[in-house]
Amino acid sequence: MNPTVFIIDDDPDQVALVTAQLERGRQFITKGFTRADRALEELRADPPDAIVCDLVMPELDGISFVRRVRELNRTVPVIIATARGTEGDAERALEAGATDFVTKPIEPRGLETRIRRALEQAPKEALLQNFTQAKFDPHAIIGKHPLMQQVRAFITSVGSVPQVSALLLGESGTGKNLVARGIHTASRAAGYRFVEVNCAALPASLLEAELFGYEKGAFTDARQAKKGLVEVADGGTLFLDEIGTMAPELQAKLLSFLESRSFRRLGSTREQSVTLRVVAATNVDLAGEVARGTFREDLYYRLNVASQVLPPLRAIRSDIPEIARHFVKRAAEYFAKPLPVIEADGEERLQRYEWPGNARELRNVVERSMIFSQGPSLRIVDLAPAVMPGVSAGADMLTLPRGLTLDEVESRYIEATLKQLDGNVQAAAEQLGVSRKVLWQRRKQHGLLTGRE
Ligand SMILES: Nc1ncnc2c1ncn2[C@@H]1O[C@H](COP(=O)(O)OP(=O)(O)OP(=O)(O)O)[C@@H](O)[C@H]1O
Ligand SMILES: [Mg+2]
C-alpha cells in the first residue's frame, strides 16, 4: 500500500498544490489540513506514514506541532516547510524533533525524494518502543544505597541551575555519562539540547574549532562558517567527557569561557554569550593530574565547585541485585526473550564479586548470559563463570579463553554443545534455541560440518 502523508499549511491553496503534486506521482496517499490541531487529532486516531508541515501558522506553529507529534509518536517522519532565509527556524524545528526540512516554494520532486528517504530511515516504532516508552527507560538510574541517594541529590541540584559548571568523577563504568544525561533531563530544559563532546576523540585544534565554531576562512579548510557546540548547546547542557585529556592550551580557553560564558568563533572578533550548563567528566584522578602539572589547577578548582564522585559498584553492593535485574530486563526486551529471574544464590554471588569494570561490566555479564539463557531462570553458570569466584569449571562447564571474538565464541560453543550431546543435531538445536536449519547454517559458516552433511 502507498504511504499516507499529511500535508499541513494554513494556506488552503498551498495545501491543494502540494497534495496535487504528491498525488500526481501516484506514490503517496495524501490528506490535507489547514489547521495543525486537526492533524494532531487525526494522528491520534489514524497515524500517517509521514507529515509535511508548514513552519509559520497562526494557531499552532510548526515547532510546537512537532513537539506535540513527538509526544504521541516518536518515529513518524515530519518534514517542515520553511520560507527561504529562515534556516535558524529550521534548525529549531530539527531540535524539536523534525526529521528534515524543505524550503518554499516546494519543489515537488525534491519533496518526494525527501519523504521517501525519511520513510526508509525512520526507525521501526515497535523496536523503539521497548527502549523509549515508560515500559523501559534506558536512562533510568538504579540504586537505593545512601551513596546513590547522594548522586540523585546532586543531579537534582545541578539540574535546577541553568548556568553551572559541574564535575563528575568516578572509575570507568560507574555511570558518568548516564548521570550527565540525567542532569540535563532533570533540568526540564525541554527542546534544548544535550550536547556530548568526547575531549579525547579530537586533537586540540579541531576540538577548539568544534567547541567554539569558526568563521569562513578562519583556517584553510574553513570553507563555510560553522556554529560551535557551545552555541548548539545554548539553553541546554554541554557535556565534556574525558576532560582529563584536554590539551593545556585548550584548558586555558575553556577556563576563560567558563568564567565569562562568552566566546568568539575562530576568525571572528564578535564576542557572543550563551547560557548553558557545563558538565565535565573523567575517570582519571584529576587532582593527581594537577599535581603532575598536566591539568590546570585553576580550571580544576573552577570545575570542582560542584563535583560528585560516582561510587564504584563494590561500594554499593546492596544495590547490585536491583541493578542486575534492571539489566536483565533490558536485555530480555532487547533480545525479545521472556524475562527470566536470576537463580536463587546468583544475586549473592554477584554481590561478592569485585566488579573492576563496575556497572558496565555487570551489564556485559548479564547481556552475555542472556544470549545463552533458556527457560525461566538465569543460571549462575550462565552468568560468566570466569568472573564468578567459587564456581569451578565442572563437567558441564565450558571454559573459554578471554579475547575471543563473538564469532569464535559461537563456533566453539556450538562445537562443544554437539560434542556433549554426542553429535545429536536435534538435541543440540533445541538446547541452543534455534531451528535445525539455522544450526546447520551456522555450522556451515564456522566450518563445523562433517563430511556427509
Ligand atoms: N546506577 C545505574 N543504574 C542503571 N544503569 C547504570 C547505572 N550506572 C551505570 N549504568 C549503566 O552502565 C553502563 C556504563 O555507564 P556509563 O557509560 O555512564 O559509565 P562511565 O562512568 O561514563 O564510564 P567511562 O568512564 O568508561 O566512560 C551504561 O550502560 C549505564 O547506563
Ligand atoms: Mg563515559
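This is a predicted model: local features need pLDDT of at least 70, side-chain atom pairs count only at pLDDT 80 or more; totals for chains, interfaces and linings use all residues.
Local features need pLDDT of at least 70 and side-chain atom pairs count only at pLDDT 80 or more, while totals for chains, interfaces and linings use all residues. Residues are numbered from 1 along each chain as its sequence is written, chains are lettered from A and ligands numbered from 1 in the order in which they are written, and side-chain values use heavy atoms, with hydrogens and water left out.

**Ligand 1**

- A polar backbone atom of Gly175 is 3.0 Å from an oxygen atom of ligand 1, and a polar backbone atom of Ile142 is 2.9 Å from a nitrogen atom of ligand 1.
- The protein buries 89% of the 630 Å² that ligand 1 exposes when taken alone (accessible areas by the Shrake-Rupley method, 1.4 Å probe).
- Ligand 1 is surrounded by 19 residues (a heavy atom within 4 Å), and the closest are Ser172, Gly173, Lys176, Asn177 and Arg363.
- Because domain 2 (146–310) and domain 3 (314–385) both give residues to this shell, ligand 1 lies between them; the bounds come from an automatic or database domain assignment.

**Domain 1 and domain 2**

- The centres of domain 1 and domain 2, taken over C-alpha atoms, are separated by 35 Å.
- Between them, domain 1 and domain 2 bury about 380 Å², with 35% of it on carbon and sulfur atoms (accessible area, 1.4 Å probe, that two parts lose on being put together, summed over both).
- Of the area that domain 1 buries against domain 2, 82% is supplied by Arg67, Glu91 and Glu95.

Notes
A polar contact is a pair of N or O atoms within 3.5 Å; within protein, one must be able to donate a hydrogen and the other to accept it, and residues adjacent in sequence count only if both atoms are side-chain atoms.
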